[in-house]
Amino acid sequence: MIGLIGHVTSSLAHAGPLVRLLVTVVIMLVSAMVVLAVALLYEGAATYAERKVAGDIQARIGPNRVGPYGLLQFVADGVKLLIKEDIIPFYADRWLFIGAPYIVFTASFAAFVPLSYSEHVSVADLNVGVLYVVAISSVVSMAILMGAWGSNNKWSLFGGMRAVAQIISYEIPIVLSLLAAVILPASLDMKDIIVYQSGGLGIFRWLVFNNPFTFLSFFVYFIAAIAEVNRTPFDIPEAESEIVAGYHTEYTGMRFAFFFMAEYGDMFVVSAIATTLFLGGWQVPIIGGLSMPVWLREVLEVAVFFAKVFLLIYVMMWIRWTLPRLRVDQLMDLCWKYLTPIAFFNLVGASVWVLLLHGRGVYDLVAGLLIH
Amino acid sequence: MAVADEKFMQVSMGPQHPSTHGVLRLLVRTDGEVLSSVKPYIGYLHRGLEKIAERVTYPQFTPFTDRLDYLASMNCNLAYAMTVERLLGIEIPRRAQVIRVIMAELNRISSHLIAFGSLSSDMGAFTPFLFGIREREAINDLFEMVCGARLTFNYIRIGGVSQDLPEGFTDRTKEFLDYFPAKIREYNDLLSYNSIFIKRLADIAVIRPEDAFDYGITGPNLRASGIRWDLRRAEPYLVYNELDFDVPVGRGEMGTTGDAWDRYMMRIYEMEQSAKIVGQCLGMLAPGDHTAKVPRVLKPPVGEAYVRAENPRGELGFYLISDGSTKPYRLKIRTPSFANLSIVPKLGKGVMIADLIAIIGSLDIILPEIDR
């Protein structure tokens, strides 16, 4: 849509600067609204999906009362949360307490912006997209600590300390794994990275298949990402059975919902990053090479992108409802003793691969051998 | 209680906390995540049952025993009925004895299912809990057939049981026993041998045999420490001496003998054995009376009796003194969870918060029986 802004503003070249500014602001606001609307719709779908998946795994039905198949359950939940009493504890640090949910929510949704949903659909085509997402999602840990400290509750404090330790630790394997993938397209722009993965029937040139190191990186990234979004088996910051509800113990109603939605938003973002960097983004497999109308291609690309993202989200849900939770020190062990060294190894390996083979992937090498 | 020691943070865990298994309050002093001391505070559920016993007639107290260990009401009924019967010198018909064993063992299974499930949800895996509940439903259905109740049964009465087994009970029980072993295998695949679960429980909170004796630990918790002591074998009551079953003991399969994993695994092994016992008892059911001839008004001769029985959580003992009237002169209840809880301050020194949850969960305490 940045492209759209440029297009419109250049066509308004003869209009006054004020008009151009106004048009730009309007376009930005509209795109922000669109992102928010889509994201909120996704949240609703995700909470519904989570409960249905949990029901399926746990041999029960899940929501089935509100609307057909319980599809409108999330609307009912939202309304319920909206009309709940908003409690601010008497001894809470008011400003920190009130501010935290907004920052969590904003940071989580700001990460939706640079994602490339199809060749032409993206909110902003940032040339530092990957860096931006990593940076903005780190803000979440600060907001969590704000809320935890501001609640003035000991369980919240435990949760906050755990969350910060965990999120900051796991950022390292995440960034290292992303680097191992990013050095191949040599770009931080989401769209460039996806375009780099075109060809090979839209499957075989995915970065995950490029070389053994990126293959490993994908799994390191995915495990670390589950920890980054605080989901079982790494949900220790909000471990219900240990520290009640962790950093959001004291939050009620919509403030709680903001934390809750941020978690689902983060799930989407980390899955989208994994899709973009490792799984070919919106590349349509097999039929992608055929010629087709632009609109059809766009629709297919968006569908493919979301399908890949939702598959990863489903895997996260599946893991959540299957595994027990690690202890906090075991979690740190996993990060510092296993994931971080492996991620370093991957980064070095991928760099050497790029240096020696000039970025040609396993598919290209095999294809080259077959042709000769 | 004062702010004397500023090195530690004092946290009150409970009486409202997700994993204190009722209204237990643990006063915890922590240095970060590591506990320096744990002190259980009990009494939130005190109902004065022992005093009530002095004001009601002997049969009138039976329903109160339902409320001792509400997850194993049949076993509590049984121990009380046996105590009064010893005072009265009543001989129980054989059919009633076999029915009692069936009920006691079915209830042992259903109680262990809850122990299994609640420990798993304490460890952050919610699915096994619901799997446990699913099988417990089947047992509840059986109990509903015989007495109409699903929680507080009041089925085992002084002299026998309240009514004979209904038609179809044996078939439905056999049906349950047929599929139950497969479910236990499912639990083991899902949870028992899960490496995260083992990591969380193995070598945690080891109870050495001498400590177990010192603190009066009984039941599966004692056997997990490697001591083969089961009242059903050591002092057989009812028809237990005719039955073929093993008494599993902890062997330190995943770590040290007597660790939390061993205590957990005792429950799984005992469910297998109990299913075996129920199967044998169904074959031993011969036509006969379901209750002995008991006078309408019970006036036991002056004297006293102490009877203990192997409950799912350990030895439950009733000490009854009769003064020849229709009401007990004094009733003292020895409940297993009370003794089992007493070791928590010793085990809880220097462990992490998450381990404390594992300790409470693996001891499988139940509060109404502690507070009485």
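Tyr69(A) sits in a loop of chain A, between helix H2 (17-57) and helix H3 (73-83). Helices here are DSSP runs of H or I with at least four residues, strands are runs of E with at least two, and both are numbered from the N terminus. This is a predicted model, in which local features need pLDDT of at least 70, side-chain atom pairs count only at pLDDT 80 or more, and totals for chains, interfaces and linings use all residues. Residues are numbered from 1 along each chain as its sequence is written, while chains are lettered from A and ligands numbered from 1 in the order in which they are written.

Most residues other than glycine have a negative phi. Tyr69(A) is not a glycine, yet its phi is positive, about 55°. Tyr69(A) counts as partly exposed because it has 14 C-beta neighbours inside 10 Å. The cut-offs: 20 or more other C-beta atoms within 10 Å make a residue buried, 12 or fewer make it exposed, and in between it is partly exposed, with C-beta atoms placed from the backbone.

Now turn to chain B. Asp364(B) lies in the loop between helix H14 (353-363) and helix H15 (367-371). Asp364(B) also has a positive phi of about 55° without being a glycine. Asp364(B) is buried, because 28 other C-beta atoms lie within 10 Å.

Back to chain A as a whole. Chain A has 13 helices and zero strands. Its C-alpha trace spans about 75 × 60 × 40 Å along the principal axes. Of its 372 residues, 43% count as buried.
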